[in-house]
Amino acid sequence: MLGKDKTDIKFAKLSFDELYRELNTSYDGLSIKEANHRLNLQGENIVDKGKKKSAWLVLISQFKNWLMVALLIAAVIAYALGQHLEVGVIFSLVMLSVILGFFQEYRAEMALEKLAEYISRKSRVKRDGKWIEVDSEKLVVGDLVEIRIGDIVPADLRLIELDGLSVNESTLTGESMPVSKTVDKIRGAEPQHPKNMAFMGTSVAEGIGKGIVVSTGSATLLGKTASILARQPQETEFQKQTKKFSKFLFKVIVLMTAFVFIVNTALDKGVLDSFLFALALAVGITPELLPAIMTITLSQGSLKIAKKKVIVKRLMSVEDLGNIDTLCTDKTGTLTKGEFSLVGYESLDGGQDQILVLKALLCTSGELVGEQILTTNPIDKALWMSKEAKSIKHQLKSFQLIDENEFDFSRRRMSVLVKADNITTLIVKGSVESMVSIAKASEDQKEMILSKTKNLENQGYRVIGIGEKLLEKTTSEVNDEENITFLGFLLFSDPIKTTALKSLEKLRRLGVNIKILSGDSETVTAYIARQAGFDGENEKIVSGEELLGLSIEEFEKRVANTTLFARVTPEQKYKIVESLNKEGHVVGFLGDGVNDAPALRAADVGIAVDSGAMVAKEAADIILLRKDLMVLADGIEAGRKTFGNIMKYILNTISANYGNMFTVSLSSLFLKFIPLLPSQILLNNFISDIPLFAVATDNVDADFVKKPKKWNIGTISRFMLYFGLISSIFDFLMILPMVFIWHVSTDVFRTAWFIESSLSEILVTFAIRTKLPFYKSIPSFLLIGFSLFSSLVVIGMPLTVLGETLFEFSIMPLSLWIWVGIVVVGYFVAVELSKRRFFKRFEL
């Protein structure tokens with residue numbers, strides 16, 4: 001069974017007496033003897049960082065890759081053949097890939113190190129009836145702890161006494177607004193972060209509080225996050241598929257090389273020559289530039305994405321970002337603006353009188369500076385930012401503020417005493433339930449007010465009540481808040497972003513399924529979902545409570561079939577992401593708090609916001625400079641273009657290299673000499689790969705980015721066989737006339753085949769790079785330029801002294817040059833025609 005989220009928020013629902021009984025403690029805390037006994041049983045209050053990998057182990061693990069093994073073998077072979085330049089190139093590319101992988105994996109340790117910054121070193125605790133200071137590591141469940149302004153909360157506490165306490169919980173939630181705390185027990189559904197609890201790692205913004213320790217170390221919210229981060233991160237989709245592809249390449253290289261060696265030896269071409277030729281061929285067909293091409297293409301993609309306000313921390317995440325098919329996100333700050341605004345006001349008779357706003361402006365917390373109030377309260381800030389406030393704020397000058405009773409969570413309201421025209425009035429503002437409890441009204445009127453409030457809340461509004469009474473006094477007290485006249489309602493909402501509908505529509509066009517994982521109620525989630533274009537009426541909303549106790553199979557089924565989740569805990573978010581990964585989805589998760597870090601780590605692409613908690617940003621792969629789904633949609637589109645360009649290199653290389661391998665294998669049956677010298681094979685491989693360095697800058701067809709893509713090894717292997725066969729057919733159109741009709745010399749044969757093979761691979765790139773007819777898809781200028789340069793080198797090489805002496809090329813007759821041109825053009829046309837049939841049958 002999927003057990004309940006074990007965060008000890010159950011203590012938030014207990015009265016003080018129930019709390020003391022549950023934890024076997026008291027208002028005076030524990031004795032020193034009992035505290036030491038519990039410390040031995042429970043262990044120290046330390047967040048478990050897991051077993052840290054040494055730098056050497058991380059470095060060695062980078063070589064556990066079949067492509068790396070193939071490249072290192074190729075380097076050894078090239079060295080044995082005297083190709084020292086080739087050795088330098090291969091070794092440099094291997095080390096570049098290893099260094100990048102090393103730093104990316106080692107970076108994961110930083111997320112755990114950052115958690116240490118949120119752990120307090122010393123704590124004030126009451127033991128044996130006296131307040132003493134102890135190391136925070138020595139705190140135990142049942143201790144009574146005092147926290148003051150500036151303190152980092154040392155453990156998870158159930159608050160029992162406070163004076164104006166507010167706590168900055170941004171380390172957990174990513175929300176910068178301090179949360180005012182209360183000591184009242186929580187009734188009804190359990191919120192994720194109850195306001196009568198303070199959590200380890202959060203900081204005291206103002207006031208003083210006392211609380212009983214209910215969780216320490218790894219059992220705290222922060223500790224649970226650390227334990228998940230300490231686990232070995234799952235392989236991303238990119239890592240899984242590149243590993244499969246590398247293994248596939250390695251098998252093909254070994255099998256084909258062995259076949260060529262055996263055939264040539266059997267045909268009595270000399271064991272040593274056959275061995276050297278087979279080894280050179282192994283180097284020639286190994287895509288040694290693949291790590292470099294991928295690094296350059298991913299780097300180019302990350303630069304393009306950065307212009308879209310998306311910063312990539314791991315290069316491989318560029319491709320994973322493009323391949324996302326499921327995005328899990330909260331609504332706050334993504335679909336909504338993440339801040340309240342005043343959207344309406346109503347008197348009891350349904351009228352709209354701005355006097356309600358005026359009196360609400362008078363009854364706000366903060367410091368009055370000129371005609372403005374500086375406040376951190378989101379409701380009061382929304383009042384002052386409203387257009388109504390701007391039009392009536394000049395009327396505030398006629399009022400004199402005499403006294404104020406600050407807001408607290410036990411009353412859930414505040415009041416001010418003001419004077420105007422020699423009339424003194426107490427204005428009260430707060431939650432409607434709180435206002436009704438002190439209103440001078442009949443039971444029917446009170447029921448009508450509460451009923452109207454519920455209807456407004458069902459429409460997604462945050463409703464605040466406003467009331468007043470005459471009070472001929474020079475000071476006021478909380479006890480004066482009684483027998484007030486209820487004036488009306490102030491309506492606030494966290495409005496939908498203007499870009500929300502467009503960004504969601506774009507994500508859907510890109511084939512990305514959106515799942516909303518909200519901490520809010522079902523009512524609010526449904527309202528926002530309707531505003532954002534979801535089918536809020538018919539779409540089943542699953543709450544966190546419904547997920548509790550489900551079997552693994554039931555949980556996975558519910559997650560797969562649900563789009564909207566309400567009141568889900570951080571642990572449930574993590575399990576939802578894990579479940580989607582298990583189903584084979586490429587999952588992106590957008591979060592910004594410490595409690596989002598496990599889900600960020602579990603996702604193929606963890607996406608944090610620049611304004612979020614440091615731990616969240618360390619655990620993430622992608623950082624958004626602006627919390628906006630449109631920015632993310634642009635990043636996904638750019639990621640798909642990057643994936644498209646990487647696939648162009650892979651398809652080009654395997655079709656050409658393995659086409660050459662097929663040709664060599666078959667031609668060995670009737671040729672009495674080695675068709676290409678080892679040096680010529682390596683030169684062919686190097687020159688034909690030069691244009692592909694520019695593939696990172698190439699344009700990608702609009703149709704390619706319309707839906708998520710994955711590495712499809714089956715399609716890649718079919719492409720290799722299909723187009724490798726076409727390549728071999730035209731190779732034989734080149735070879736057979738030279739052997740059986742023109743009877744050219746060995747040097748001329750090798751020169752002609754070298755030129756035909758190299759030009760074919762360069763030219764065919766322009767057919768393979770697009771599913772469209774080649775003339776309907778414009779390549780980048782760099783790709784065209786690099787291809788022209790490489791073609792000129794290929795054509796000119798046999799005419800130079802270097803080509804003649806170092807590579808043993810010969811001058812070719814004009815007729816052979818013409819035939820090379822005919823074969824190359826014919827090959828291009830054949831590939832251009834064949835690709836239409838291939839891509840109709842197989843999806844890339």
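Let's start where Leu651, Asn652, Thr653, Ser655, Ala656, Asn657, Asn660, Thr663 and Val664 in α25 meet Trp753, Ser757, Glu761, Val764, Thr765 and Ile768 in α28; contact means heavy atoms within 4.5 Å. By class, this contact of α25 with α28 has 6 nonpolar, 8 polar and 1 charged residues. This is a predicted model, in which local features need pLDDT of at least 70 and side-chain atom pairs count only at pLDDT 80 or more, while totals for chains, interfaces and linings use all residues. Residues are numbered from 1 along each chain as its sequence is written, and side-chain values use heavy atoms, leaving out hydrogens and water.

How do these helices lie? The axes of α25 (residues 629-667) and α28 (residues 746-768) come within 9 Å and cross at roughly 150 degrees. That makes α25 roughly antiparallel to α28 (angles over 145 degrees count as this).

Now follow α28 to its other partner here, α29 (residues 781-796): their axes come within 10 Å and cross at roughly 170 degrees. Therefore α28 is roughly antiparallel to α29. Among the residues making the contact are Phe754 and Ile755 of α28 and Leu783 and Ile784 of α29. The residues of this contact divide into 9 nonpolar, 5 polar and no charged.

Finally, look inside. The largest nonpolar core has 110 residues, and those with the most contacts inside it are Phe245 and Ile650. Such a core is a set of buried (under 20% relative accessible area, 1.4 Å probe, protein chains only) Ala, Val, Leu, Ile, Met, Phe, Trp, Tyr and Cys residues joined through side-chain atoms within 4.5 Å. Helix α25 gives the most to this core, with 16 residues.

Definitions and conventions:
Axes are lines fitted to C-alpha atoms, for helices over the stretch in contact, and angles run from 0 to 180 degrees between N-to-C directions. Helices (H or I, at least four residues) and strands (E, at least two) are DSSP runs, numbered from the N terminus. Angles under 35 degrees count as roughly parallel, over 145 as roughly antiparallel, 65 to 115 as roughly perpendicular and the rest as oblique. Ala, Val, Leu, Ile, Met, Phe, Trp, Tyr, Cys and Pro count as nonpolar, Asp, Glu, Lys and Arg as charged, and the others, Gly among them, as polar. Buried means under 20% relative accessible area, exposed over 50%, partly exposed in between (1.4 Å probe, protein chains only).
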